[in-house]
Every structure is written in C-alpha cells, then in structure tokens.
Amino acid sequence: MKNKINLLLITLVSVLGVWLTSCSDDESGVATAVLGTTDNLEFPVTDAVPAIISIAADGDWHVDAPDWITVTPSSGVAGTTDVTIVVSNNERGGVADLPRKYTLVFKGEQKRSIFELTVRQEGDKFRDIQPSSIADVDSMEEESALQFKNLAVLAQTKKGFVGTDGKDFVYVTGDAAQARAGQLIDMFGTKAVNSVGLTEVICDQLTDVKSGSVPDVTPVDITGNIDSYKATKRTLVKATGIYDGTKLVISDKKMGISVVDNPVDCDMSKYAGHILTITGVYSGTASPVVNVIATSVEDLGLNEIIYCMTDFDNWWADYASWTGSGANEGKEIDCIGCDNVNNYLPNLTTPKINGVSPMDILKQKGWSITGSSTFQKMYIRLGATDKQGCLTTPKMPELGDGTEGVKVSFDWCPWRDKAPADGLNYDAVQIVVVVDKGGVETQFPVPALSLAAGASLKWYPVEVDLKGVSLDKNTTITIRPIDDQCMPKYANKGYFRFFLNKVKVFKPGN
C-alpha cells in the first residue's frame with residue numbers, strides 16, 4: 001500500500017510541477033491546483049481507524065469539515081502534506097444511527113482547482129424509517145432507504161418479483177427478493193432506477209411473509225397503439241402478437257415487445273413461433289421494442305416452427321457501445337441506421353470484449369462465414385472490396401429425417417459507393433439462397449433490386465419459399481451472391497457487397 005501511495009505522489013508532484021512552471025506570479029502563494037491520493041473513504045459505525053491521505057498543491061490550501069469529521073491539518077502550503085481523517089462513532093442511544101456521508105473540499109482561496117474527497121460512514125439506513133407507498137417511492141431520490149408493509153406480490157420472476165397495491169406497481173430485485181405470487185410481504189429496500197429512469201427496488205430484507213389476496217388490476221392493451229406507447233411510471237400492460245424467439249412481433253407495427261424478465265416457471269424459448277398474449281409491467285421504450293417484465297404469458301397456439309435464426313441484438317448486446325480506436329475512434333458503426341456509408345466497418349474479428357469477437361460468438365452459435373465480412377450494430381456486411389462473403393446456418397436437428405414447406409426470411413440491402421465522385425451507385429449484387437443437403441445443392445434466387453444512385457440505405461425484407469425440397473437434420477442453408485459474382489467461381493469480377501440481418505429458417509403453422 002505504501003508503494004502505491006508513493007507512486008501516486010510521484011504522479012501528483014509531476015503534474016503539479018508542470019502547472020507550477022506555467023503559472024503566472026499573480027496571487028503568489030494561493031493554490032490554483034490541489035490533488036489527493038484517493039477520492040473516497042469509508043468507515044465502520046464505531047472504532048474507525050484513522051485514514052491518512054496525501055494532498056499535493058501548488059500553494060496554500062484549506063478544507064472545512066462537519067463536526068463528525070476531524071481533518072488534521074485542515075490547511076497547508078505548497079508541496080505534499082499527509083492529512084489524517086478521523087470520524088466519531090456513529091451511534092444514537094447506544095445503537096447505530098443513520099449512515100453518514102460528506103464531501104470534503106480541499107481548495108485554495110481562489111476556486112480555480114479543487115480536490116473533493118467523499119467520506120462515508122456505515123450506519124442503520126432503516127432506522128426510524130416509516131412505511132412507504134409505491135407512489136412515495138417513485139418520488140424518492142435514488143439510493144433512498146424504504147419500507148413496504150403488506151405489499152401484494154403479483155408475480156415471481158426469474159430476477160425477483162412484481163408487487164402492487166392495486167393502483168401502482170413496483171419491480172423488486174436482489175438476492176433477498178424471494179417472494180411468491182399471492183403473498184403479502186413486509187420488507188426493507190433501497191430505491192434504484194433503470195436506464196430510462198423507472199423505479200426499481202433492491203430488496204435488502206424480507207421481514208414478514210404471509211398469504212393474502214392480490215388486488216385485481218386490468219392491464220392496458222397496447223397492441224393497437226404500441227408504436228406510440230410510453231409511460232412515466234410502471235404500468236400493467238398487455239399485447240398480442242407472434243413471438244419470434246427474441247421479441248413479440250405485432251402485425252403492421254414498427255414496435256414489438258421485449259421481455260426483460262419473466263415468470264420464474266416460464267421458459268420463453270419454447271414459445272418461438274407461437275401467438276402469445278404477454279401481460280407485464282412496463283419497463284421503458286428502446287426502439288424497436290417496448291420492454292416489459294412479464295407477469296403472465298398466454299399461449300394462443302403455434303404460428304410457425306422456427307428451426308434457427310440470427311439474434312444479433314442479444315448475441316452482440318455487449319458490443320452496442322463498442323467504438324474503434326485511433327483514426328476510427330468515435331466513428332458511427334451503423335451504416336443502415338444513419339444512411340451513411342462513410343461510417344466505420346470493422347472486420348467481424350476486430351471488436352473484442354475479454355478477447356471475444358462478434359465472429360467468435362457467431363461461430364459458438366454454429367453459424368459460419370466464408371470470405372469477407374464486417375461488423376455493424378447489430379448486423380453484418382458480407383463482402384469487402386472484390387472479395388465476397390457467404391453466411392451459412394448451423395445444421396438443424398429439429399428438421400428430423402425430412403421436412404417440407406420450409407421458408408427462409410431475412411432483411412438485406414446492397415452496399416452503396418461511398419465516394420460522391422462515383423455517383424453513390426449501389427453494387428449490382430444479386431443474391432441466392434443455397435440449400436445443401438448431403439452435398440447436393442439447390443439454389444433459390446432472390447429477386448434483384450434496382451436502386452437509383454444515392455437512394456437511401458434501408459432494409460429490404462425477403463421471404464424465400466424452399467418449395468420442392470425436403471430438408472433434414474444435416475441440411476445447411478447459405479446466403480451469398482450468385483455463382484457469377486461469388487468466389488471462387490465467379491466470372492464477373494467486381495464489388496458485390498451487401499448488408500444482412502434477421503435471418504430465419506421456419507415453417508408456417510397451419
């Protein structure tokens with residue numbers, strides 16, 4: 001620890017040295033730069049051991065403290081100074097009081113540069129607390145302590161539970177959130193918020209659990225107005241559509257339903273291709289989905305059998321905020337979304353998180369790519385310069401020894417020249433779906449697109465009927481340019497590049 005402090009001091013003094021040589025002589029002796037070796041200290045309720053930090057400054061400095069914190073010395077001069085922080089016991093009536101927090105500000109007389117040190121002391125955050133309603137919690141500050149009494153549990157989910165008082169709803173998570181549907185619970189918790197500012201509660205302790213009745217609340221059906229639906233708090237909603245394995249797709253609507261948590265006894269994966277009514281608590285909107293914590297799932301029957309599909313949004317979710325480095329740092333990685341081919345198109349092997357690339361994840365899922373491919377959020381581009389790319393599905397055991405009536409659907413868009421001098425022309429790429437059954441290939445051409453130079457980059461949905469072919473468990477399906485445009489067979493050399501997303505192999509229901 002001493003070596004670590006010394007290294008920090010060396011760094012601080014080096015930085016201050018640069019500042020000292022560049023400062024003017026006016027206000028001589030008054031600190032304009034103050035730095036410290038740590039910006040956070042935590043202490044127990046009682047018998048706290050004093051902490052020593054080092055303050056480096058280029059002039060005179062001082063700090064003010066509340067009565068429970070003693071700072072020695074509370075002022076200093078240019079150079080480095082060891083400062084001792086002492087806190088008094090945090091008790092009232094012989095037992096722990098509420099937690100304490102204060103930010104010490106080390107500064108010169110002129111507030112040009114300050115150093116802030118946050119001091120926290122443990123305590124009983126639930127001392128003197130009074131029961132709150134769900135509406136009360138919605139208006140509390142984040143990290144506020146709270147208590148619920150007789151909170152009815154509407155549904156137990158994989159990550160916690162949904163509670164209600166008959167009017168409002170709360171999503172409770174944490175290791176202690178073990179309540180089951182139909183119970184009334186008393187609990188202590190801490191307020192949190194999700195990424196869109198909606199209330200969540202971390203359960204610190206269940207203090208009482210008993211049987212009871214859950215108020216009957218009618219959900220709002222948002223199937224018809226899902227494209228415009230938003231709420232400022234947790235509300236109970238429902239929608240009906242086709243579950244494609246990742247989200248609920250609603251006919252003629254841009255938005256769907258994404259289930260971010262679901263009932264503990266519900267396996268969403270088994271509903272792929274089914275018509276569902278999903279009821280749950282609103283958890284924010286993130287186009288193209290409305291997020292819900294599902295409280296119930298009603299299966300209305302099979303719409304289609306899905307044999308395999310890409311799920312880039314989930315497979316590559318951790319790469320959503322990935323950015324390039326060097327000359328590519330901060331560049332957008334979404335040509336279709338921004339209609340801009342000057343964006344960054346890294347190789348599928350380039351983005352890495354803990355050494356794992358999007359290509360690695362694709363291979364783990366059984367998919368394969370031959371030729372060239374590049375990464376986009378969250379889709380791919382096949383082909384680069386004059387080297388073509390092909391995407392191939394994994395084998396699909398669910399096809400058994402022979403299945404007919406299978407279809408393939410996907411979204412695609414040709415690449416468009418990036419240089420205005422080239423007229424923003426699209427690649428004259430034509431693609432084909434190739435069924436490989438035991439080494440015997442059957443090709444299904446995809447209708448060619450005729451796009452005007454400069455026309456917007458956008459997705460073109462395709463559905464290909466593999467009519468007349470019986471597929472089995474060893475069959476694979478490839479999407480690629482036609483033979484004349486695809487290496488190593490192609491006769492017409494040139495650029496035949498295209499974007500691809502939402503690939504699905506399926507059989508419609510009866």
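Close-up 1. Strand 18 (236–243), strand 19 (248–249), strand 20 (256–261), strand 23 (304–309), helix 3 (312–315), strand 28 (407–414), strand 31 (460–465) and strand 33 (498–508) each give at least two residues to the lining of the largest pocket. Helices here are DSSP runs of H or I with at least four residues, strands are runs of E with at least two, and both are numbered from the N terminus. This is a predicted model, where local features need pLDDT of at least 70 and side-chain atom pairs count only at pLDDT 80 or more, while totals for chains, interfaces and linings use all residues. Residues are numbered from 1 along each chain as its sequence is written, and side-chain values use heavy atoms, with hydrogens and water left out.

Which strand gives the largest share of this lining? That's strand 33, with 5 residues. The lining has 40 residues, and D244, T246, K247, V249 and K502 lie nearest the pocket's centre. (A pocket is an open set of points on a 1 Å grid over the protein atoms alone, where a 1.4 Å probe fits, with protein on both sides within 12 Å along at least five of seven lines; lining residues have an atom within 4 Å of a point.) The volume, about 1,300 Å³, is the space filled by probe spheres set on the points, which are joined across faces, edges and corners. Sorted by type, the lining splits into 18 nonpolar, 11 polar and 11 charged residues. Ala, Val, Leu, Ile, Met, Phe, Trp, Tyr, Cys and Pro count as nonpolar, Asp, Glu, Lys and Arg as charged, and the others, Gly among them, as polar.

Close-up 2. Look for K504 in strand 33. Is K504 buried or exposed? At 15% relative accessibility, K504 counts as buried, since buried means under 20% relative accessible area, exposed over 50% and partly exposed in between, with a 1.4 Å probe and protein chains only. The side chains of K504 and E304 are joined by a polar contact of 2.7 Å. (That's a pair of N or O atoms within 3.5 Å; within protein, one must be able to donate a hydrogen and the other to accept it, and residues adjacent in sequence count only if both atoms are side-chain atoms.)

**Close-up 3. The second largest pocket holds about 470 Å³ of space.** Its lining includes E42, R100, R120 and T190. Strand 10 (100–107) and strand 11 (114–121) are the elements that give two or more residues to this lining. The count by type is 3 nonpolar, 2 polar and 7 charged.

Close-up 4. The 4 strands sit in the order 1-3-7-5, with antiparallel pairing; strands pair if DSSP finds at least two bridges between them. Strand 1 (34–36) and strand 5 (69–72) are at the edges with a single partner strand each, so one side of each has no neighbour in the sheet. Strand 5 is joined to strand 7 (residues 79–87) by 4 bridges, and I69 stands opposite V87 in strand 7.

**Close-up 5. Five strands close into a barrel.** The closed barrel of 5 strands runs 12-13-14-16-15, and its pairing is mixed. Strand 14 (residues 169–173) and strand 16 (residues 199–211) run parallel, joined by 2 bridges. Here V172 stands opposite V201 in strand 16.

**Close-up 6. Strand 22 has partners running both ways.** Strand 21 (residues 274–286) runs antiparallel to strand 22, with 10 bridges, and the two form a hairpin with 2 residues between them. Strand 20 runs parallel to strand 22 (residues 289–302), with 5 bridges.
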